[in-house]
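The sequence and coordinates are shown first.

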Amino acid sequence: MNQLLQLIAFGIVQGATYALLAASFWLIYATTRTFHLAHSVTYAVAGYAAFVISVQLGLSLWLGAFASVISAAAVGCAIDAILYRPMRARGASVLSIFLASLGVAAAGAAALQLIFGPLVKQVPGFPNATLYLGSVTVTRLQVLTAFCAAATIFLVFLFITRTRTGNAITAVRTNPTMAMAVGIPVERISVLVFGIGSAMAGLAAFFETISFVAYPTMGLQPVMFGVIGVFLGGIGSIRGAALGGFVLGFLLVFSGLFLSQNLGVILVFAVLLVVVVFRPEGLLRSPSGA
Amino acid sequence: MGGSYIADLANQITFLVALAVSLNLLLGFAGQMSMATAAFYGLGAYTCAIMTAQGMTLTGAAVIGPGWPFLGGLASAIVVSFVGGLVVAAPAARRVRGDYLILLTLAFHFLVVTIASSWVGLTGGPNGIVVPPIGFFGYEINTTDQAFWFLLAWAAFVSLVCWWIGRSPFGRLLRGIREDEIAIQALGKRTIAPKSLAFAMTAAMAGATGAISAAYMQFVAPTTYSLDLAILVAACVALGGPGNILGSVVAAIVIGALRPILENVPSLSSDSAVPWQTVIYGSILVAGMVFRPRGLLPEGLIAMRRFPREAISAVPRVVQATLLKTVGERDQPALAKSSVPNPMIASPIVRVRNLSKSFGGLQAVKDVSFDLHPGEIVALIGPNGAGKSTIFNLMTGAIRPDQGEVTLHGQSLAGADPCAVARSGMARYFQHVRILPGLSALNNVAIGVPRQAGENLAMTFLAPMRVARGEAEVRAEALRQLENVGIAPHANRTAQDLAFGQQKLVAFARLLATGAQVLLLDEPTSGVDPQAADQIIALVRTLAQSGKSICIVEHSLHVVSELADRILFMNAGAIMAEGTVEAITTRPDLVDLYFGT
Amino acid sequence: MTTKGKWQDGLSRRAVMLGTGAMAVSASLGVSGVARAQDVSGPLEPWFGKGGKSAGAGLTWNHGLNLALTGTGASFGQAMTRGATTATDLIRASGGPTIVLKLNDHQGGLVPPAVTGVRRLISQERIQSLGSSYGPATEALFPLIANVGLTTFWSGGAGPTGLGKTDVWITMALFALDPATGGLAYLAKRFPSAKRLALIGQQENGTAAINEIAPRVWPQVSGGQIASTEFVNIGTTDFSSLIARLKSAKADAIFTTIYGNDQGYFIKQVREAGVDIPIMSIDLGTPTVPDIAGSAIANNCFLAVDGYQPQNPNPYNALFVETFKAKYKTPPDYFAANFFEATNILAALIGRTIKAGKTPGRGSVLSDAFQAGPSFPSVYGGSAAAAGVMTFNLKDHSVTKPLGVFQIGLGGVLTKVATIEKNSTTLGPA
Amino acid sequence: MDLAKDHSGTPLTVSGLSARYGKRVVLTDVNLHVDEGEIVTVLGHNGAGKTSLLQSIMGMMRDRSGVVRSFGHDISRRSYYRNVAAGISMTPAESPVFRPLSVVTNLRLGAYSTSPPDLDDRLNEIFKIFPRLRERRDQLAGTLSGGEQRMLAIGMAIVNRPRLMLLDEPSIGLAPATAAMIMTEIARLCSTTGVSILLVDQNVRSALRLSSRVYYLRMGKIILEESAKAARARDHYWDLF
């Protein structure tokens, strides 16, 4: 019973982080149809930004968080504006955009290593503590991470569903021709979703960095999990993507009930294969066929 | 294994060449993205290692191996990775494509690597397995210099095989599938088997290369088979030019040589050579995709050289007067309509009986019946949404009717898919041409020729002479059909470089090459200039005169009036009237249906 | 090199003088050239004898190092290079051969760059001996080493696969295996109420410690039982599910072979989950682990290992620490120490070969020099008066070195709490 | 037909417009104009290039040449969103609404490029024209009937108070009564607001009833221009399609 409760607690924490990553990848992927694996570079840059601000420059952690989010948004927007937009304008295929994205992912991580060196970078200073709920434990940082992740997803959800610009994003995502017809500048919306999606990844990267460390290839695994979350949950809505990320985190943790830790990953990939093949629309079908 | 460093470098590059070339078969020719290259490379390496060195045990009892000779290990690696390729292809060949295929192969990659590092009993876990060296019948290869010739031969062999497949009719089929799978099915060709085979061949070649590299390195460990390797190989294919084997070879050599060159640059420390290599090839990949998306050596480069691009006028210069004249022509009595005595007497070749189909609540087709006779041109007309295209889709098996059936030569087509329908002699011409843009005009037509021996991959290797003879006939036939439609001079030009009207003619030639008796033409003249339209109209007439049955859907009424022996007027899914052009166009009720009230 | 004030505190005057002397000698040699016929005194003289032509002075020797210079294990490679460089400086200053280090990056344990890179070192850089690290990245070299007869010192991540290989000499305790028994014995003695032991392994070198040694030894030394056995993948950063299982297993203590950065993630998450039971690890050489684990590292964590302590007063070690600090402004760690020792052994073997009237070079000629005496000084163990001793087993090429149990403090500082012996439950005083 | 007349100040003057999709030429040297307060219909068979014509005018097609002028400005190179802001609206024939968004959100998006301060008043005006939309204001557009979707599409087009509307098949797929209602509303819009309309429709006769002039488009070319009156006088139009 205790084990179950503890797994639930950890599942929520992990699930919230993966949900944030999935939602961030979803926003970019669903709106612009870009298989943006270079998201991993954005993530790592955000981690290093926190290091530069909070450690190298010795400023506060809050500024570090700010720097993470801003730098991630800037990198994401830059990749879209400098790379993807001209490619789209030239009618590049999905495959060549994906390969260009791979190129950025590979070159970006290597460039970070050349700049900051291969060693991990620590950003200490968060006053962490363990919280006890009976026998179940979580740390303050885990709670904060999960809370911020959930709050961010919720805010982005509100933004997308309640604001004029958010509605324009939905418009571009579901009906680009009509969006153009009503005068929504599609390319600007594209830069915008790259900015927001990247900022979300930047937040996740900040929390990983202050929880543990930053290193050049730190973005690869989180982005992979984000991608998996999106396809697991369904690309039709942000709720589907977030649900997919959450299910993924939960699955990884919960496999501990009956599987050794090293087999949890295998389970995840097996589930993913089944979903992709037999239910390609994802676990959550989108409403109204969008 | 001893031997010189230079030979070793060359050997490492041969592995990269073999992997890039084999991936090109899948990515370049069949158009299927795979991130599973490293996974299959590793699958082969581990299979070889297990058969030769580790052995497989289940619940303590030895199942198979160890102690197999190198060649046994190699053979088992080929078999295992071939089967593995088929397993991955099973979902990939049917419905998974695009982004899903990328994800699927990525997931497969991680699955393989995770299993390799956690199933310690089988794979040695992260520690890997020490593998005996490459050896044949007691002769062992022990230095890099000795291995070089063998590995060079292997890379050359893989390149030759891929090149041979690429230029064979099977390769043409793959490229056709890459360009437009639906068009290929509509020509009566199966597409799932060739795609699966391409996957499995690529996997088998990567697996065999993995087995050889394992024996060459005399070691396997999971970290060797990383995603970075998969990216590197994909980069080689993309940069060299998908569909161009030579391009992959060149790109693999260049990119493979990058690291050793950088390592020997004195100003770089040994710990920055690797990131610099990654930065450089990553940037080349990005730049390549932006500025030269078809690669350094694009597919069909040589053909393009031989036939330099002619200036094709962007917009055909046809003055309005000509157009107005064609309008006027309509008033003259219709000229050479097809001249089969009386179509009603000859027995129908196609019978459509009581076809019905609804989508959701919408009844798209209601109880439609009609016949097609040899030598007859029948036009389906009606306002938008009348159900004309749905009838074509039902006739060709693209969608299944709720009720009713279609018979061809007296045989029911119930349950047949577009491929089977095309094989039994009813072929479709698509409104949007569905040309294969990356193939030459000749190959576009040649792919339509049915029952080619060379489309069977095994025949390509087992009976090369027969395939070569067959291919000569196919090309002759294709050329003949191109001559028929009057564009033989453009035979070797890439289809996408032709004017749209010429593309339509190529599509016609392809349709004729199938030898189909019944032709379903969906807007054969849409989108072309009047000259080309006239050419097509004349062509369709000739075809009908030669005894083919033709059914057209056409919105341009003047085309209909020039061609059709009989018109079926459709509205709201049902046939409202049937008759000659004159009979239909003079009925006021049909005028109201067509032009509104 | 004016950092005297910084490193004076907590060090013996003798050590300081030795270090300064080493600097002076090395500087003077740098100016005046090398070849000298006469015997030369130098900082290493107390343990390796006088330098000079018969010790290899004037000889330029290319020594390859196969290390992780990039990737997540890059910190190892950096430390190892520094340890070896410290040794080459001292060797030259002591009238030994000029050992030139030639580096190869195996990128954190990748096999193809290891094999190709070492081939490059052999044919391009003309190396005559090799130092190597990591499991797979070293094991993959065995066929090559056997083929060309390259004397190799396996000084990082060494495992039992290297035992008995011609020309391969393991200069460190076998990862996880050698100290496991002693570590378990200490755990039982220090925490007598601990009965239920959780075992957590990583499936690389040292699985035998989890699968065989611990299940055999723990009931003997504690009368307790194994509460659970788990394996995690290398590269794991999230241990949530493992920790939940660990908590429900009601273990009293943990014995783990998790190593590398993963260990930092593991310790941090275990402690943050409120699990305060003692953790006995077998590897804390990774300098980044204390970075990652933060303060959790100082909470009831122990290490059974050929643990290196920079503050060990052993004079050989003092010399090493001073020289190292003077050059790198930071104290050396475990990996630097191992490569320091191994490089000095290399120089000693070269000298022995010359003295035996043979020409040192590639092939087994250096390995043969081990026969003249299997013992060498060590920066481990010993006392303020004498260096520690490491003794090679000439049959299987393993080494017996002082082993210890250490308590880990903040920033990864180790405090020795017991001395242990290879494969033995005997505990000695700190 | 007075080609000599200067149409520079007119709502729309198209001269020498050509466009293509890749290799496929969809428009060849199209010349047409729409005068102030006029409804002009473009007729043509399916695939004649009507939709491409509207998209080219709007600036939504990349591969085009020729000159498009509107209200005295050369808009040939102006982007679609600036065209919308400048008072040109367009309603596509297929899926003219954002299905996953509510009716009122759709209408608000119609004014995206201008975001007028009196948006709520404008919405109320539209609800007056199409009371059905008010009833369904919070329903998702994808759940509306075809006729309601078309009303919504028209509503989205007029919320911006355009001076020129490009309507692509506004009555397609609708029941005759609904189609007639939509066409009546379009005519009324034109007479009450003075907006100029370029209309493409399948239902030739109902389109002609509203229009003053008609162009026949065949295979990407204008083959004939005539007054709607002359067109209405024809028995049938078979020759022209």
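## Salt bridges in chain B

B:Glu376 has a relative accessibility of 1% and counts as buried, a term that denotes under 20% relative accessible area, with exposed meaning over 50% and partly exposed in between (1.4 Å probe, protein chains only). The side chain of B:Glu376 meets that of B:Arg566 in a salt bridge of 2.5 Å, N to O; a salt bridge is a side-chain nitrogen of Lys or Arg within 4 Å of a carboxyl oxygen of Asp or Glu. B:Arg566 lies in strand β15 (residues 566-571) of chain B and B:Glu376 in the loop between β8 (362-372) and β9 (377-381), so the pair ties together parts that are 190 residues apart in sequence. Helices (H or I, at least four residues) and strands (E, at least two) are DSSP runs numbered from the N terminus. B:Arg566 is also buried, with a relative accessible area of 7%.

In a further salt bridge, the side chains of B:Arg172 and B:Glu471 meet at 2.9 Å, N to O. This pair links distant parts of the chain, with B:Arg172 in helix α7 (residues 169-179) of chain B and B:Glu471 in helix α19 (residues 464-485) of chain B, 299 residues apart. B:Arg172 is buried at a relative accessible area of 2%, and B:Glu471 is buried at 13%.

## Basis of the model

The model is predicted: local features need pLDDT of at least 70 and side-chain atom pairs count only at pLDDT 80 or more, while totals for chains, interfaces and linings use all residues. Residues are numbered from 1 along each chain as its sequence is written, chains are lettered from A and ligands numbered from 1 in the order in which they are written, and side-chain values use heavy atoms, with hydrogens and water left out.

## Chain B as a whole

Chain B has 24 helices and 16 strands. Of its 597 residues, 61% count as buried. Contacts (heavy atoms within 4.5 Å) in chain B between residues at least 6 apart in sequence join residues at least 24 apart in 75% of cases. The chain exposes about 21,900 Å², of which carbon and sulfur atoms supply 62%; accessible areas come from the Shrake-Rupley method with a 1.4 Å probe, and for residues only the protein chains shown count as cover.

The contact takes 15 residues from domain 1 of chain C and 13 residues from domain 2 of chain C.

C:Asp89 and C:Lys327 form a salt bridge whose closest N and O atoms are 2.9 Å apart. The two residues belong to distant parts of the chain, C:Asp89 to helix α4 (residues 74-93) of chain C and C:Lys327 to helix α13 (residues 315-328) of chain C, 238 residues apart. C:Asp89 is buried, with a relative accessible area of 17%, whereas C:Lys327 counts as partly exposed at 39% relative accessibility.

Helix α10 (residues 240-248) of chain C is mostly covered, with 7 of its 9 residues buried. Among the buried residues are C:Ser240, C:Leu242 and C:Arg245. Just after this helix, C:Lys250 takes a positive phi of about 55 degrees.

C:Thr256 lies in strand β8 (residues 253-256) of chain C and is buried, with a relative accessible area of 0%. Its side chain reaches the backbone oxygen of C:Ile200 at 3.1 Å. Leaving aside neighbours within four places in sequence, the contacts of C:Thr256 include C:Phe266, C:Ile279 and C:Ile282.

## Features of chain A

A:Ser40 lies in helix α2 (residues 39-56) of chain A and is buried, with a relative accessible area of 8%. Not counting residues up to four places away in sequence, A:Ser40 touches A:Ala105, A:Gly219, A:Leu220 and A:Val223. The C-alpha atoms of A:Ser40 and A:Thr165, which are 125 residues apart along the chain, are separated by 26 Å.

A:Phe258, in the loop between α10 (238-254) and α11 (261-278) of chain A, counts as exposed at 60% relative accessibility. A network of salt bridges links A:Asp80, A:Arg85, A:Arg88 and A:Glu187.

Conventions: Polar contact = N/O pair within 3.5 Å; in protein donor to acceptor, adjacent residues only side chain to side chain.
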